[in-house]
Amino acid sequence: PKGFPPPTAKGDIEIKQYPTYRAATVQVRGDLGKAPSRGFSPLFRHISNNDISMTAPVETRYPAATLQTDSISQGDAAVSFLYRSVDVVPKEVAQNVRVEDMPPMMVVSIGMRGSYGYGVYTRGVQELQDWLAAHPEYELAGPPRRFFYDGPFIPDGLKRSDIQIPVQRN
């Protein structure tokens, strides 16, 4: 999307600023590890029916409870396809899809490579929490999310994702 910073390099942790962006979102309940793939089909139908081009990343927002313990594997997640700009307006929106404008935000982000599995997400969240503990000038400002940059045909070892926690300066 317009104004988005590039993916975070593998293993790096950095503070990033994101502009307002528009997203088509579906809510997915159940196994958090399967949320991104379960949300994909209704979102793909949405962009196809509206002749909207696909962009990367695909976003999954996870429950805040996943910040407390890595044993949480069930819950509600929001899976989103991001529009290229806030000027994109769909002609029709299915009942299970919500179009929303996300506010600008600052995040702490870790770049991950490899499988899109849920274990990679929980490991990244733990590394970000360790970083936040060492940087008290930042505090939590929202639930975690993951950006998926590559499609299903990319080998697992080459897949890129960012795991992020919204923050604000103390």
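1. Thr66 sits in the loop between S3 and strand S4 (74-82); helices (H or I, at least four residues) and strands (E, at least two) are DSSP runs, numbered from the N terminus. Its C-alpha atom is 8.3 Å from that of Val125, although Thr66 and Val125 are 59 residues apart along the chain.

2. A word on what you're looking at. This is a predicted model, where local features need pLDDT of at least 70 and side-chain atom pairs count only at pLDDT 80 or more, while totals for chains, interfaces and linings use all residues. Residues are numbered from 1 along each chain as its sequence is written, and side-chain values use heavy atoms, with hydrogens and water left out.

3. On to the salt bridges, where a side-chain nitrogen of Lys or Arg lies within 4 Å of a carboxyl oxygen of Asp or Glu. The count comes to ten. One of them pairs Arg22 with Asp101, at 2.6 Å from N to O. Arg22 belongs to strand S2 (residues 21-31) and Asp101 to strand S5 (residues 98-102), so this contact ties together parts that are 79 residues apart in sequence. Arg22 is buried, at 15% relative accessible area, whereas Asp101 has 43% relative accessibility and so counts as partly exposed.

4. Have a look at Glu59 next. Its side chain meets that of Arg61 in a salt bridge (2.9 Å, N to O), and both Glu59 and Arg61 are buried. Glu59 also forms a salt bridge with Arg145, with the closest N and O atoms 3.0 Å apart. Through shared partners, salt bridges join Glu59, Arg61, Arg98, Glu100 and Arg145 into one network.

5. Now the largest pocket, which holds about 390 Å³ of space. The search runs on a 1 Å grid over the protein atoms alone: a cavity is a set of points where a 1.4 Å probe fits but cannot get out, and a pocket is an open set with protein on both sides within 12 Å along at least five of seven lines. Lining residues have an atom within 4 Å of a point. Grid points are joined across faces, edges and corners, and the volume is the space filled by probe spheres set on the points.

6. What lines this pocket? There are 17 lining residues, with Pro36, Phe40, Tyr116, Phe148 and Asp150 nearest its centre. Helix H1 (residues 35-49) gives the largest share, three residues. By type, the lining has nine nonpolar, five polar and three charged residues; here Ala, Val, Leu, Ile, Met, Phe, Trp, Tyr, Cys and Pro count as nonpolar, Asp, Glu, Lys and Arg as charged, and the others, Gly among them, as polar. Asp150 is in the loop between S8 and strand S9 (160-169) and is buried, at 17% relative accessible area. Asp150 and Ala56 are 94 residues apart in sequence, but their C-alpha atoms are 7.4 Å apart in space.

7. Two backbone spots are worth a check. Most residues other than glycine have a negative phi, and most peptide bonds are trans. Ala56 and Pro57 are joined by a cis peptide bond, with omega about 5 degrees, and Pro57 lies in the loop between H1 and S3. Asp51 is not a glycine, yet its phi is positive, about 55 degrees. Asp51 is also placed in the loop between H1 and S3, and it is exposed, with 69% relative accessible area.

8. Last, the surface. Phe44 is found in helix H1 and, at 40% relative accessibility, counts as partly exposed.

Conventions:
Buried < 20%, exposed > 50% of the residue type's maximum accessible area, 1.4 Å probe, protein only.
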